[in-house]
Amino acid sequence: MASVTLTDVRKVYHGGVEAVRGVSFEVADGSFCVLVGPSGCGKSTLLRMIAGLETISGGTVRIGERVVNAIEPADRDIAMVFQNYALYPHMSVYDNMAYGLRNRGTPKAEIDARVREAARILDVEPYLDRRPKALSGGQRQRVAMGRAIVRKPQVFLFDEPLSNLDAKLRVQMRVEIKRLQRSLGVTSIYVTHDQVEAMTLSDQLVVMNAGQVEQIGTPTELYRRPATRFVAGFLGSPAMNFIPAVLRDDGAVSVGERRVAVSAGAGGGRAGLPVELGIRPEDLRVAASAPGTLPLEIEFVEELGATQLIHGRIDGVAATVQVATGAAPTEGTLALAVEPAATHLFEPESGRRL
Amino acid sequence: MEKRAVFGNRALPYALLAPQIAITLIFFYWPAAQAVRQSFLVEDAFGLSTEFVWFENYIHLFTDPGYYRTLWTTVVFSTAVTVMSLSVALLLAVMADREIKGATGYRTLLIWPYAVAPAVAGVLWIFMLDPSLGIIAQGLRRLGIDWNPRLNGTHAMIQVVLASSWKQISYNFLFFLAGLQAIPKSVIEAAAIDGARPWRRFWTIILPLLSPTTFFLVVVNIVYAFFETFGTIDAMTGGGPAKATETLVYKVYADGRLGGDLGGSAAQSVILMAIVIGLTAIQFRFIERKVTY
Amino acid sequence: MVERRSLWGTLLPHLVLMAGVAVVAFPVYLAVVGSTHESAVIANGQMPLYPGGEAIDTYYRTLVIGPSRSTREPVAGMLLNSFLMAMIIAVGKIAISILSAYAVVYFRFPLRMAAFWTIFVTLMLPVEVRIYPTYKIVADLGLLDSMAGLTLPLIASATATLLFRQFFMTVPDELVEASKIDGAGPFRFFKDTLLPLSRTNMAALFVILFIYGWNQYLWPLLITTRDDMQTIVIGIKKMIVTSDALTEWQIVMATAVLAMLPPVLVVIGMQKLFVRGLVETEK
């Protein structure tokens, strides 16, 4: 096992397009790191540079103590699970898993033992003689994982491995991947654009945007204290509400004419600065109309079963509140109370947290 | 379209390309260049001396009524072959496209003439059309037609057109059938709901939707009639009688080999190349997908 | 079809198709019949429309002895020449074009596009338009009357390269990447993955190219002067150049049947691959 260390890693394409603009972070030995971000943010490129499938334009990638910039993918001691699985269509499941070991000259008996062990763990033993075409999506996914496992690599790399599965299977496989990673204890780097996958799988979450890292931390840290407006908006479903406001000098902001108390110490001494007030839909409480509350004009309601999402507008700005089903009227105007500790303030220009 | 994942090897790609490039250069580019060079030269009867004569060979060609006659023969021949083989093939394809029993059986029975060599096709048809022993020739004679392709140029032309079209039907049939099957059923059903009867549906819906296939086949058939029918013509008429069935390709062959006029033959080759390049450019519309780098 | 059809509507397609099949098959049927009658019967124009009793004798003479009055070459040898030529052309074309397509698609190197276009342009140069200069080069290389001279100029082909290139483009990039991670270099990837995946395409192409090679006419006509180098398609034509009365039509027809048999069997036996190959090469 090994850690993975990225130092100021860059990727510049021929046309001068900068896909990755200086990324540094470390993935601790045995931990599960998820790279998340919208499409085109450079997360896949970064993963492929770690794998050795893309050249590294600048900076260094270390696996353990070894700088691997100039090392062939096959010699980096990694294994990769691809989005479309990339199973060899003309080989049986067994051969798909054994291929990499054979190329490495692993003894036959050991190949056999490893493949059967992986097949047992992944529950694909009955299909070892089949071709990938004869398998369901979930089974192919398992074979792709098996191909990674048999290698006993130092690092697992996952490139959106679940996005070709249907919703139900995706949840199921997500749990299995997590369980597998826990039991094998192999350092893993996982790329996804799905923030639920990102939150649930990761020990360490890296949010990327436009080729740069927005924030690194545990999922809870990022969710509780997003460092930028981008992270705040990206993580969490339904997404955080952003309401234009103006800083006051008394530990509060003005939303229109209303004074709304915010978390202590935010942006002290910069009264009059326009800011964005971020509040998660579940952090808004329905209350009696009072001076510190925000009025939501209800437009429509989405039913989620246990809870409801009430969509509407606060001073003309779209906003959403999540309440227990039946806990609030579904027409007219709601008065919403804000818990100061659950507020986030962002600078509109830089998007940085205040 | 470009591959994202490639190998970084330096020398290997050249080694992989070497056989094809070598053969291409030696047997394609070098002869083509020679043809162009030779078309500007005149060689004496013994091949002892050559003289650079600029465009004389070309001027000679274009002032020769014989060349225009060959050109005309080629146009008549390829038009006849194209129209005939396309219309028969379309008729058969439309019939086979209907949901009838045994459609695949019919397909099997119709496609194999593709495999018959043009020269052999010619031989088969001589056997039927030969004035003294051919079965069809005898039938024609009984109808009072003085069928004699050995002396009558029109008869000879009909003969080579029949044999050449016969061989090409299967190819056209396959492509028409594929084209017809690619037309969505729902479109035809919509037309039926709009009250179009079968005959009308064919003219207003099916034929227009089939036009890309038709266009492609027209080009392919012209190329076929120009070049691949050499064997048919050589086996049936040898270009005769009195050059009535001499096409451009046949003339290149005849002038170069039998007449020994290498310069003139080369000039004709160059003109033919220009024609092929023109036809290929037209066809490029269809190949373009392959070369969109 | 949409509406219910009358009896006439059901019958018409069958009638038309049967007529079509008859037109297509009749010349061949006649050749088969012709190969079973005596020469004299045919020459008189008295040949019946049903097979006669001379089949064994005729085919034996055709294959083993050859026509006594014209080429004198037994057809068995021609068949072998045709077979060799068709095989070498088909296998050779597939081999060199799959390699060049592999180079063009899976490598980046200086002059890559130049190489591609060099090959692509040959699409526009059928052998017929450069026949004498090519002849001269083959003669200068001392390859007249040789298998090499017969096949090499026909082996390079843009079509096959384009077809393989087209197919390689549809092979997912991830397969190369997975192979790289699995420790396979360019040789292993080609041998273990790309070649097995191309099998159907190769077979389809083989069917088309075998027929192409077998049916060659103009080039073998020029390049072969020795009778024992003749292909069957050339041989058959030489049997009828002599004046009418001397032509042994039963042998000509037997030769025609033998010349058609291998490619026709290939087409019928591998119909699926044939159709696929035809459509793919022209796409």
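## Where chain C meets chain A

The side chains of Arg48(A) and Glu177(C) are joined by a salt bridge, with 2.6 Å from N to O. That's a handy place to start looking at this interface, bearing in mind that the model is predicted. The count of salt bridges between chain C and chain A is two.

Zooming out, here are the totals for the pair.

| Item, chain C with chain A | Value |
|---|---|
| Residues from chain C | 16 residues |
| Residues from chain A | 21 residues |
| Buried area | about 1600 Å² |
| Salt bridges | two salt bridges |
| Polar contacts, both at pLDDT 80 or more | 13 residue pairs |

Of that buried area, 59% is on carbon and sulfur atoms. In chain C, the residues that lose the most area to chain A are Glu177(C), Ile181(C) and Asp182(C), and together they make up 42% of what that side buries.

Now for the polar side of things, with its 13 residue pairs in polar contact. Which elements give two or more residues to the side of chain C that touches chain A? They are α9 (173-181) and α10 (186-197) of chain C. α9(C) gives the most, with seven residues. By type, this side of chain C divides into seven nonpolar, six charged and three polar residues.

Over on chain A, an unreviewed UniProt entry places the feature "domain: ABC transporter" at residues 4-235. That span of chain A is 37% helix and 25% strand, and its end C-alpha atoms lie 25 Å apart.

Key. Residues are numbered from 1 along each chain as its sequence is written. Chains are lettered from A and ligands numbered from 1 in the order in which they are written. This is a predicted model: local features need pLDDT of at least 70, side-chain atom pairs count only at pLDDT 80 or more; totals for chains, interfaces and linings use all residues. Side-chain values use heavy atoms; hydrogens and water are left out. Contact means heavy atoms within 4.5 Å. Buried area is the accessible area (1.4 Å probe) that two parts lose on being put together, summed over both. A salt bridge is a side-chain nitrogen of Lys or Arg within 4 Å of a carboxyl oxygen of Asp or Glu. A polar contact is a pair of N or O atoms within 3.5 Å; within protein, one must be able to donate a hydrogen and the other to accept it, and residues adjacent in sequence count only if both atoms are side-chain atoms. Helices (H or I, at least four residues) and strands (E, at least two) are DSSP runs, numbered from the N terminus. Ala, Val, Leu, Ile, Met, Phe, Trp, Tyr, Cys and Pro count as nonpolar, Asp, Glu, Lys and Arg as charged, and the others, Gly among them, as polar. UniProt positions are given in the numbering used here, feature names are shortened, and annotations may be inferred rather than shown by experiment.
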